[in-house]
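Hi there,

Here is the structure I said I would pass on, with some notes to read alongside it. Could you open it first and keep it in view while you go through them?

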Amino acid sequence: MTKLSNSLAAADIAHSLHPYTNARAHERNGPIIMARGAGVHVYDSEGKEYIEGLAGLWSVAVGFSEPRLAEAAARQMAELPFYHTFAGKANEPAIRLAEKLVEMTPDPLTRVFFTNSGSEANDTVVKLVWFMMNAQGRPKKKKFLSRHKGYHGITVASGSLTGLPVNHRDFDLPAIPVVHLTCPHHWRFGHPGESEAAFTARLLREAEETILAEDPDTIAAFIGEPVMGAGGVIVPPEGYWEGIEALCRRYDILIVADEVINGFGRLGTTFGCERMGFTPDILVTSKQLTSSYMPLAAVVMTEAIYDVIADHSDKLGTLGHGFTASGHPVATAVGLENLKIIEERDLVGNAARLAPSFQNGLRAFADLPLVGEVRGMGLIAAIELVADKATKRSFDPLGRVGARAAAFAAEEGLICRALGDTLALCPPLIVTDADIARIIARMGRAITRTGDWAKAEGLV
Ligand code: PMP
């Protein structure tokens with residue numbers, strides 16, 4: 001380690017509490033300090049180059065060195081660095097971005113509310129839906145349906161919607177009324193011998209029985225990622241979303257598409273709901289909205305929802321909800337420029353074009369001894385490592401092998417994310433054929449090394 005990175009690492013260890021990190025292990029291991037980005041690559045403080053195979057946190061669509069986004073931010077900083085959108089104030093980038101989002105999202109969506117993060121956006125969804133139900137004189141209709149392994153954020157309400165034990169345990173969550181349904185992952189949760197179609201039918205039966213048991217008059221909304229991300233990259237089976245949509249329509253339940261990862265091209269379509277074939281009442285987007293160059297998220301809703309909220313705010317005198325930085329001019333200026341780049345360079349089309357070589361290349365690893373399943377769609381994928389391929393038995397404890405594999409991948413010059421023992425990939429949308437080939441080759445070497453290590457450790 002150089003002297004500078006050594007002292008930076010010591011300062012990090014001395015003063016920081018890292019998100020999603022084992023704090024005591026971090027004190028021993030220290031940070032990897034990222035110093036610089038260029039295209040699909042990032043460079044740590046030692047100068048080591050990595051392909052960012054997860055686009056940061058599933059988010060840096062345009063890569064790590066886009067000058068137009070830096071220029072858009074600098075221009076707006078110089079012009080009007082901050083203004084709020086409370087009490088009828090507005091600013092041009094926020095207006096233009098809202099207009100652009102209405103243009104890009106499915107037709108029934110017409111109104112935009114900005115927040116800083118995906119978690120805040122989903123908290124906003126919960127609160128606006130509750131506000132709407134109260135306005136309509138339906139105070140009992142407040143529950144959310146979500147799914148096990150769904151990820152919707154970590155604040156009190158969004159963390160309650162999330163369906164992962166690590167986000168609930170010892171945080172006293174869920175803290176809002178939410179029912180988690182079975183995760184639509186056939187390979188993992190299908191019964192022995194159950195076809196994908198039978199699995200889908202079972203999950204839809206379960207959803208309907210849950211709605212009836214809870215009482216439809218108590219259920220406000222269903223929230224889901226079209227393709228699940230942080231829960232392990234789970235592509236729902238054929239017919240699942242159409243079935244969920246039909247149930248929601250039958251029982252007057254709003255549909256919320258959490259497109260924080262899927263949005264702006266990840267699946268090869270602008271939004272995941274288009275690829276999955278359903279139309280939401282509310283769509284939540286963040287991450288690729290600005291390529292994460294600035295924190296920003298947006299809740300896009302139908303005119304019908306807007307009308308109820310607008311009438312009620314008229315009655316109450318105001319809408320008692322909003323963040324200091326809702327519609328921040330620098331963040332929205334960067335978002336607007338980022339969406340222009342995504343369109344001009346046809347990055348959604350690029351994702352669709354490269355999807356077959358990415359998905360097929362990774363699926364070639366399905367025959368390796370440690371690999372239970374390779375799955376994904378568009379430019380998002382995951383490789384689940386298991387102790388026993390035949391029975392799909394996971395390693396115990398979960399996560400040790402995944403962490404080792406991600407460390408091997410990093411040594412090979414590829415950053416991926418270990419979710420338990422599942423290795424997730426979600427590269428920047430600007431990737432080329434040659435980048436995809438490199439990602440696959442490095443991942444292959446990492447998995448082979450993990451297999452050798454697991455054997456030496458007596459794990460397989
Ligand atoms: N929803 C989804 C689908 C996400 O993937 C995430 C973040 N990974 C969130 C919500 C929360 O976003 P944030 O981390 O910006 O709060």
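This is a predicted model: local features need pLDDT of at least 70, side-chain atom pairs count only at pLDDT 80 or more; totals for chains, interfaces and linings use all residues.

Let me start with strand E12, which is mostly covered: six of its six residues are buried. Buried here means that 20 or more other C-beta atoms lie within 10 Å of a residue's own C-beta, while exposed means 12 or fewer and partly exposed is in between, with C-beta atoms placed from the backbone. Strands (E, at least two residues) and helices (H or I, at least four) are DSSP runs, numbered from the N terminus. From E12, Ile380, Ala382 and Glu384 point one way, Ala381, Ile383 and Leu385 point the other way, and all are buried.

Residue numbers start from 1 along each chain as its sequence is written.

Which strands does E12 bridge to? E11 is joined to E12 by six bridges, and the two run antiparallel. Glu373 has Glu384 as its bridge partner in E12. The hairpin of E11 and E12 has two residues between the strands, and in it Gly378 takes a positive phi near 60°. E12 is also joined to E15 by four bridges, again antiparallel, with Ala424 in E15 as the bridge partner of Ala382. Strands count as paired if DSSP finds at least two bridges between them.

There is also an open sheet of four strands, in the order E1-E2-E3-E13 and with mixed pairing. Its edge strands are E1 (34-38) and E13 (414-415), each of which pairs on one side only. Inside this sheet order, E2 (residues 41-44) and E3 (residues 49-52) run antiparallel and are joined by three bridges; His41 has Ile51 as its bridge partner in E3.

Now for the overall layout. The protein is divided into domain 1 (32-62 + 346-456) and domain 2 (68-344), with bounds that come from an automatic or database domain assignment. Taken over C-alpha atoms, the domain centres are 27 Å apart. The contact between them takes 26 residues from domain 1 and 23 residues from domain 2, where two residues are in contact if their C-beta atoms, placed from the backbone, lie within 7 Å. On the domain 1 side, H3, helix H15 (347-363), strand E11 (371-377), E12 and strand E15 (422-425) each supply at least two residues. H15 gives the most to that side, with five residues. By class, the side of domain 1 that touches domain 2 has 18 nonpolar, five polar and three charged residues. For these classes, Ala, Val, Leu, Ile, Met, Phe, Trp, Tyr, Cys and Pro count as nonpolar, Asp, Glu, Lys and Arg as charged, and the others, Gly among them, as polar.

What about the core? The largest nonpolar core has 126 residues, of which Val256, Ala298 and Cys416 touch the most other members. Helix H14 (residues 329-344) contributes the largest share of this core, seven residues, and the core draws at least three residues from each of domain 1 and domain 2. A nonpolar core is a set of buried Ala, Val, Leu, Ile, Met, Phe, Trp, Tyr and Cys residues joined through C-beta atoms within 7 Å. Leaving aside neighbours within four places in sequence, the contacts of Cys416 include Gly53, Leu54, Ala406 and Met443.

The ligand has 15 residues around it, and Ser117, Gly118, Ser119, Gly153 and Val260 come nearest. A residue is near a molecule or strand if its C-beta atom, placed from the backbone, lies within 6 Å of it. Helix H6 (residues 118-135) gives the most to this shell, with three residues. The shell has five nonpolar, eight polar and two charged residues.

Finally, some backbone details to look up. Cis peptide bonds join Leu173 to Pro174, with omega about 0°, and Asp396 to Pro397, also with omega about 0°. Ala55, in helix H3 (residues 55-58), has a positive phi of about 50° although it is not a glycine.

Happy exploring!
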